[in-house]
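My notes follow in the order I looked things up.

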Amino acid sequence: MSDKYKIYDNSKAYFLTLTVVGWIDVFTRKSHKQTLFNSLRYCQKEKGLELYAYCLMPSHLHIIAKAASKQDTLSEILRDFKKFTSKAIVQAIINEPESRREWMLSYFKKTAENLKNVKDYKFWQDGNHAEIIESNKFFDQKLNYTHNNPVAEQIVERPEDYLWSSARNYAGLSSYLDIVKESVKLECI
């Protein structure tokens with residue numbers, strides 16, 4: 001396996017993409033989005049996750065983040081986040097009204113079939129497609145990409161109109177998560 005998209009320097013921020021297996025549009029339900037955001041909030045408060053940007057799309061999550069404390073590495077935070085959210089969201093799919101329940105659960109179960117480390121359902125794809133933020137120019141590029149994702153998908157006309165994105169933070173509007181807006185704190189060139 002390539003080291004190209006691995007987290008190797010915990011003093012740096014990374015652009016990360018966490019994707020649902022099969023690119024399934026799970027985050028179309030408000031409760032699933034809230035579960036994910038509550039978990040991100042917990043990681044910020046209890047595990048030292050420092051968020052610079054985020055955008056939750058129907059099948060994936062983009063974040064620019066780093067581990068701000070010495071207690072947990074970014075890899076450990078993401079591992080725990082993915083483990084918790086996968087169980088919570090699958091359980092919600094089982095318990096709440098969902099027209100695609102059988103199809104989604106069948107897909108998650110089939111994806112987990114030959115995996116030793118997954119018990120019942122595989123929700124997240126392996127890896128996080130981590131790209132280290134080495135410069136403010138790269139940070140700005142990834143920030144713009146993250147915020148323009150819902151515009152490119154024709155979900156909204158302007159980035160700040162998308163409720164599940166830090167574009168709202170940068171525009172001074174109400175938002176679901178607090179972020180660090182100063183890219184200078186990234187300690188990059």
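Helices (H or I, at least four residues) and strands (E, at least two) are DSSP runs, numbered from the N terminus.

I am working with a predicted model, where local features need pLDDT of at least 70, side-chain atom pairs count only at pLDDT 80 or more, and totals for chains, interfaces and linings use all residues. Residues are numbered from 1 along each chain as its sequence is written, and side-chain values use heavy atoms, with hydrogens and water left out.

**Entry 1**

I looked up α2 against helix α3 (residues 101–112): their axes come within 9 Å and cross at roughly 145°. The crossing of α2 past α3 is left-handed (the near helix is turned anticlockwise from the far one by less than a right angle; clockwise would be right-handed). I then listed the contact (heavy atoms within 4.5 Å). From α2 come Val90, Ile93, Ile94 and Asn95, and from α3 Arg101, Met104, Leu105 and Phe108. I sorted these residues into six nonpolar, one polar and one charged. Here Ala, Val, Leu, Ile, Met, Phe, Trp, Tyr, Cys and Pro count as nonpolar, Asp, Glu, Lys and Arg as charged, and the others, Gly among them, as polar.

Next I took helix α1 (residues 30–47) with helix α2 (residues 74–95). Their axes come within 10 Å and cross at roughly 155°. α1 and α2 are therefore roughly antiparallel (over 145 degrees; under 35 is roughly parallel, 65 to 115 roughly perpendicular, the rest oblique). This crossing of α1 and α2 is right-handed. On the α1 side, the contact residues include Leu36, Leu40 and Cys43; on the α2 side, they include Phe81, Phe84 and Ile89. The α1–α2 contact holds 10 nonpolar, four polar and two charged residues.

**Entry 2: the sheet**

In what order do the four strands of the open sheet lie? I read β2-β3-β1-β4, with antiparallel pairing. Strands count as paired if DSSP finds at least two bridges between them. The edges are β2 and β4, each pairing on one side only. Helix α4 (residues 136–152) packs on this sheet and touches β1, β2, β3 and β4; its direction makes about 40° with that of β2.

I went through the pairs one by one.

- Strand β2 (residues 49–56) joins β3 through seven bridges, and the two form a hairpin with three residues between them. Alanine 53 faces isoleucine 64 of β3.
- Strand β1 (residues 14–19) pairs with β3 over six bridges. I found tyrosine 14 opposite alanine 65, threonine 17 bridged to histidine 62 and threonine 19 to histidine 60.
- β1 also pairs with strand β4 (residues 131–132), over two bridges. Phenylalanine 15 has glutamate 131 as its partner there.

**Entry 3: burial**

Is strand β3 (residues 60–67) mostly covered or uncovered? Eight of its eight residues are buried (under 20% relative accessible area; exposed is over 50%, partly exposed in between, with a 1.4 Å probe and protein chains only). In a regular strand the side chains alternate between the two faces of the sheet. I checked both faces of β3: His60, His62, Ile64 and Lys66 are buried on one, Leu61, Ile63, Ala65 and Ala67 on the other.

β1 has six of its six residues buried. Tyr14, Leu16 and Leu18 lie on one side, Phe15, Thr17 and Thr19 on the other.

Key:
Axes fitted to C-alpha atoms, helices over the stretch in contact; angles between N-to-C directions.
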